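Let's take a walk through this structure together, one element at a time. Keep the 3D view open beside you as you read.

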Amino acid sequence: MDLITTAREGTRRVLGAAALAGVRRAAFTSSGVTADTGAPDTPATETTWTTPSGTLVRACPDSKILAERDAWDLAAATGIEPTAVLQTFVQGPMLGTAIRRRPVLSAIGEP
């Protein structure tokens, strides 16, 4: 199963099950990539949607864009009140061994 199908089906299944269970409100994490205006000086709003690229190299961002659209569509169809958290920065352990690891606070100058 490809990344986009997995993201979309997972979103539909979770929100569909929530609706069947009578959930009224749902919060989900997405990505800032879903609301990119393409213009650095133009702020994103609730009505801003990024157009999926349709390319294999951008499958991960496209999966977020399409899954979030599905979430909002399903919420509207079922009466669930949705809240999306569009994270733009993720922090965690670095992947790979070629990167020198050091604590984040010491990296940014914390005494």
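Which residues of H1 are buried? Before the answer, a word on what you are looking at: this is a predicted model, in which local features need pLDDT of at least 70 and side-chain atom pairs count only at pLDDT 80 or more, while totals for chains, interfaces and linings use all residues. Residues are numbered from 1 along each chain as its sequence is written, and side-chain values use heavy atoms, with hydrogens and water left out.

Now to the question: Thr11, Leu15 and Ala18 are the buried residues of H1. Here, buried means under 20% relative accessible area, exposed means over 50%, and partly exposed is in between, with a 1.4 Å probe and protein chains only. Those three cover an arc of only 55° around the axis, so they sit on the same side of H1; the arc is that of the directions from the helix axis to the C-beta atoms. An α-helix has 3.6 residues a turn, so residues three or four places apart point the same way. On the other side of H1, you will find Arg13 and Leu20 exposed. The buried residues of H1 pack against E1 and H2.

Let's step back to the whole chain. It has three helices and two strands, and from the N terminus on the order is α-β-α-β-α. Helices (H or I, at least four residues) and strands (E, at least two) are DSSP runs, numbered from the N terminus. Of the 111 residues in the chain, 21% are buried. Contact means heavy atoms within 4.5 Å. Among contacts between residues at least 6 apart in sequence, 65% join residues at least 24 apart.

Next, follow helix H2. H2 has 20 residues and reaches 28 Å from its first C-alpha to its last, close to the 28 Å expected at 1.5 Å a residue. The expected span of a helix is 1.5 Å times one less than its number of residues. The buried residues of H2 include Ile65, Leu66, Ala71 and Ala75, and the buried residues of this helix pack against H1, E1 and strand E2 (81-85).

Where do these elements come together? The largest nonpolar core has seven residues: Leu15, Ala18, Ala26, Phe28, Ala71, Ala75 and Ile80. Helix H1 (3-20), E1 and H2 each give two or more residues to this core. A nonpolar core is a set of buried Ala, Val, Leu, Ile, Met, Phe, Trp, Tyr and Cys residues joined through side-chain atoms within 4.5 Å. Click on Ala71: leaving aside its neighbours within four places in sequence, Ala71 is in contact with Thr11, Leu15 and Phe28.

The structure holds one aromatic pair, formed by Phe28 and Trp72, which is edge-to-face at 6.3 Å centre to centre with 70° between the planes. Phe28 lies in strand E1 (residues 25-29) and Trp72 in helix H2 (residues 59-78), so the pair ties together parts that are 44 residues apart in sequence. Rings of Phe, Tyr and Trp (its six-membered ring) pair if their centres lie within 6.5 Å; planes under 30 degrees apart count as stacked, over 60 as edge-to-face and the rest as tilted. Phe28 is buried, with a relative accessible area of 18%, whereas Trp72 is partly exposed at 32%.

Stay on H2 for Leu74, which counts as partly exposed at 23% relative accessibility. Leu74 and Leu15 are 59 residues apart in sequence and 7.2 Å apart in space, C-alpha to C-alpha. Beyond its neighbours within four places in sequence, Leu74 is in contact with Arg12, Leu15 and Gly16.

Finally, visit the loop between H1 and E1, where Val23 is found and Arg24 has its place. Val23 is partly exposed at 35% relative accessibility, while Arg24 is exposed at 61%. Leaving aside neighbours within four places in sequence, Val23 is in contact with Ala18 and Ile80, and Arg24 is in contact with Gly79, Ile80 and Glu81.
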